Structures are given as structure tokens and as C-alpha cells.
Amino acid sequence: MTLIFKSGSDPWQDWQKSLKDAMPDLDCRDWDDTGDDDAVEYALVWKPPLGELRRRFRNLKVIFSLGAGVDHLLVDPDLPAGVPIVRMVEPELTRGMTEYVVLHVLRYHRLIPALEDQQKRHVWNVLPTPTAPKRRVGIMGLGVIGQDSLRVLSALGFALSGWSRTAKSIPDVTCYHGRDGLSAFLAETEVLVCLLPYTAETDNILNRDVFSCLPQGAYLINAGRGGLQDEDDILAALESGQLAGATLDVFRKEPLPVGHAFWDHTKVTITPHNAGTAQHWSAAKEVIANIRRIQKGQALLNIADLSAGY
Ligand code: NAP
Ligand code: GLV
């Protein structure tokens, strides 16, 4: 019983130790040192080379995504047929994402970019500072991460709304859903936080039409995926003042190309797709718990819905 591991950046040894701590008899191997490919039953991967899962591992039972998003897997037209894909749902990844959302919502709410600009110019000027109940924050994507972010923003007192594909009911959050609910959701959103998955339906959803439904001078925070955003439309909305600022963790092309206009834009904050990352010491327990479920003949948790694309 072998698990094969492939990450973009995480040290393999840390994951191997955490996986072995949780299940000592699991043979854990790095992608480049698989041993017998036919013994591989589980793959824990981020962006595996296209076609390789199917070509190499004939006895694969489950593909575990190292990320919450599975678009990096679904891009492969040659995935092994009938093998379930499990999303990464683990408390520390969620915590990291919530930290990111709260940090950047508070930064805009408390006008930190404007205050930093004043400091650069040695200007002492008190800006109006309403408290959280007067700031309307809207989250696109009411899944694991969106709902955890809302929980903490709600504790801080923000006026909250959210948008999802199917109808939701969340205490203290005004919920909208579907394309029909989008413009009403946007109309009351001063800080727009995007935590959507990238699918055929959400491709390029952060575009000029969406920005034009926001109140003038709204802020955008995108920690979903780069494919959700039209980057030219973001630049145009910043230029016109429709958007007052954008904080982007994800980009159409990653790493963000050196010459991209975002790098030097005074109204853009860039982070290198590090809003939230699965932590081996926590995530390994979730992966092993799911493997134990298979061994007991129980249903897997957090299977991606391939027809919906997330
Ligand atoms: P999730 O639990 O699957 O939630 C996804 C949410 O998006 C759900 O509320 C879903 O609606 C909604 N949604 C999907 N398609 C939609 C559509 N066409 N219209 C409206 N709403 C739609 O996912 P999660 O664990 O919260 O993660 C969300 C995304 O965050 C991931 O897919 C990934 O792209 C991104 N992420 C980024 C980082 C980072 O470091 N930047 C880290 C982790 C995750 P329903 O509730 O109706 O299903
Ligand atoms: C990271 O981007 C993830 O999907 O977890």
C-alpha cells in the first residue's frame, strides 16, 4: 500500500514524517522515487504532469489534492477514469485563508493604504474611521473557506453578505445565489472578497460588468484563482476609480510576469499565491483519516464534484 507525493514547494520529508506518524504501515514515496508503480494506491499531489497519473499508476484508488482547489487536476484531459478526487479540507489551510481575508479586509476598512501614503508625504491628517458595523463586506464563495472567513468577520461586527451557486442560510449574513442574485449582492458590497473555485462557470467572473455593479471606490480581494479575474478590467477599474484598491494572491499567469503592470501599481497589493497552504502536521491527519475510511468501507469525505468542477 503506497502513497505517492508531489508538491510544488513543500519539503517531502516533512510530509513523509507526518503521514508515517499517522499511519506507520503506509509506504510513502516521493514522486521521483516511486519504486513499484503498481503498488501505488494513493496520490497526494499538486499539479502532477498531465497524463502521468493514468499512465503510471494502474491501481490508483484515490487522488488527494494538496490544495482546496482541484482545477490543477481537472486541467488534465487524461485523468484516470473513475478514481475519486478528494479536495484538501484541513483546519490549518482554512485558518490561513481566514487570516489572509481578515488581514486585508481590516487593512482596507481602516484605510491603511491611504495612511501609508500620508506617512510617506509626512502628512498628519485624521481620516474618517467608521467601525465594522458600517462597513459592508461581501464574500463570493460560501464554502469551507468563505464560511470560516465570515465567522471571524462576523465576530468583528462587519455587515456581511455572501454569494454562492446554490442557496445558503448563514446567521448574520445576507445570502445571495446564482447569476440572478449577483448584482443585488454586488450593489451592497464595499469590500469584495473572492473565494470561488476556478470552473468553466467562474472563468473571468471578476470583470468590468461585476465591478460596475459595486459602489464607486470599492475594494477587491481575490484569493480564489487567477483565472477568475480579467486583469485588464481590474487595471481599468482602478484607473477610473471604480475600484479603490485590489489585493491579489492569485494571477492568470503564475509567477506574475516581471513586466506585469500590477507590480508597480500603487493601488495593487500582490502576494505570491500564499494566502493559505496545507500544513503537513495537520493535513496528513485528514488524508490518513480518509484512507482509514476506505479501509473500513466508508464513504470518502470531501470528494470533488466533477460535474460542477470543484
Ligand atoms: P468549497 O468549499 O468547494 O466552496 C466553493 C464555494 O464556491 C461554494 O460556496 C460554491 O457554491 C461556490 N461556487 C462554486 N461555483 C460557483 C458559481 N458558479 N457561482 C457561485 N458560487 C459558486 O471551496 P473552498 O474550500 O472554500 O475553497 C475555495 C477556493 O479557494 C478553492 O477552490 C481555491 O481555488 C481557493 N483557494 C486558494 C488558496 C490560496 O492560497 N490562494 C488556498 C486555498 C483555496 P455552493 O455552496 O453552492 O456549492
Ligand atoms: C491553494 O491554492 C489551494 O487550492 O489550496
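You're looking at a predicted model, where local features need pLDDT of at least 70 and side-chain atom pairs count only at pLDDT 80 or more, while totals for chains, interfaces and linings use all residues. For finding your way, residues are numbered from 1 along each chain as its sequence is written, chains are lettered from A and ligands numbered from 1 in the order in which they are written, and side-chain values use heavy atoms, leaving out hydrogens and water.

**Stop 1: ligand 1**

Show the backbone of Leu142, Gly143 and Val144. A polar backbone atom of Leu142 is 2.8 Å from an oxygen atom of ligand 1, and for Gly143 the distance from a polar backbone atom to a ligand oxygen is 3.1 Å. At Val144, a backbone N or O atom lies 2.9 Å from an oxygen atom of the ligand. These are polar contacts (pairs of N or O atoms within 3.5 Å; within protein, one must be able to donate a hydrogen and the other to accept it, and residues adjacent in sequence count only if both atoms are side-chain atoms).

How much of ligand 1 does the protein cover? On its own the ligand has 940 Å² of accessible area, and the protein covers 93% of that; the areas come from the Shrake-Rupley method with a 1.4 Å probe, and for residues only the protein chains shown count as cover.

Helices (H or I, at least four residues) and strands (E, at least two) are DSSP runs, numbered from the N terminus.

**Stop 2: ligand 2**

Next, pick ligand 2, surrounded by Trp46, Gly67, Ala68, Gly69, Leu93, Arg225 and His273. An oxygen atom of this ligand is 2.7 Å from a polar backbone atom of Ala68, and one is 2.9 Å from a polar backbone atom of Gly69. Turn to the side chain of His273, where an N or O atom is 2.6 Å from a ligand 2 oxygen. Taken alone, ligand 2 exposes 190 Å², and the protein buries 85% of that.

Stay on His273 for a moment. This residue is in the loop between E12 and H10, and its phi is near 50 degrees, a positive value in a residue other than glycine.

**Stop 3: the sheet of 5 strands**

Select the open sheet with the order E2-E1-E3-E4-E5 and parallel pairing. Strands pair if DSSP finds at least two bridges between them. At the edges are E2 (27-30) and E5 (85-86), each pairing on one side only. Follow E3 (40-45) and E4 (62-65), joined by 4 bridges, and spot Leu44 opposite Phe64.

Helix H10 (280-295) lies across E1, E3, E4 and E5, at about 160 degrees to E4. Contact is heavy atoms within 4.5 Å; axes are lines fitted to C-alpha atoms, for helices over the stretch in contact, with angles from 0 to 180 degrees between N-to-C directions.

**Stop 4: the sheet of 7 strands**

This open sheet runs E8-E7-E6-E9-E10-E11-E12, again with parallel pairing. Its edge strands are E8 (173-177) and E12. The twist averages 15 degrees from one strand to the next. H6 packs here, touching E6 (136-140), E7 and E8.

Finish at Pro255, in the loop between E11 (243-248) and E12 (268-270). The peptide bond from Glu254 to Pro255 is cis, with omega near -5 degrees.

Methods. Near = heavy atom within 4 Å.
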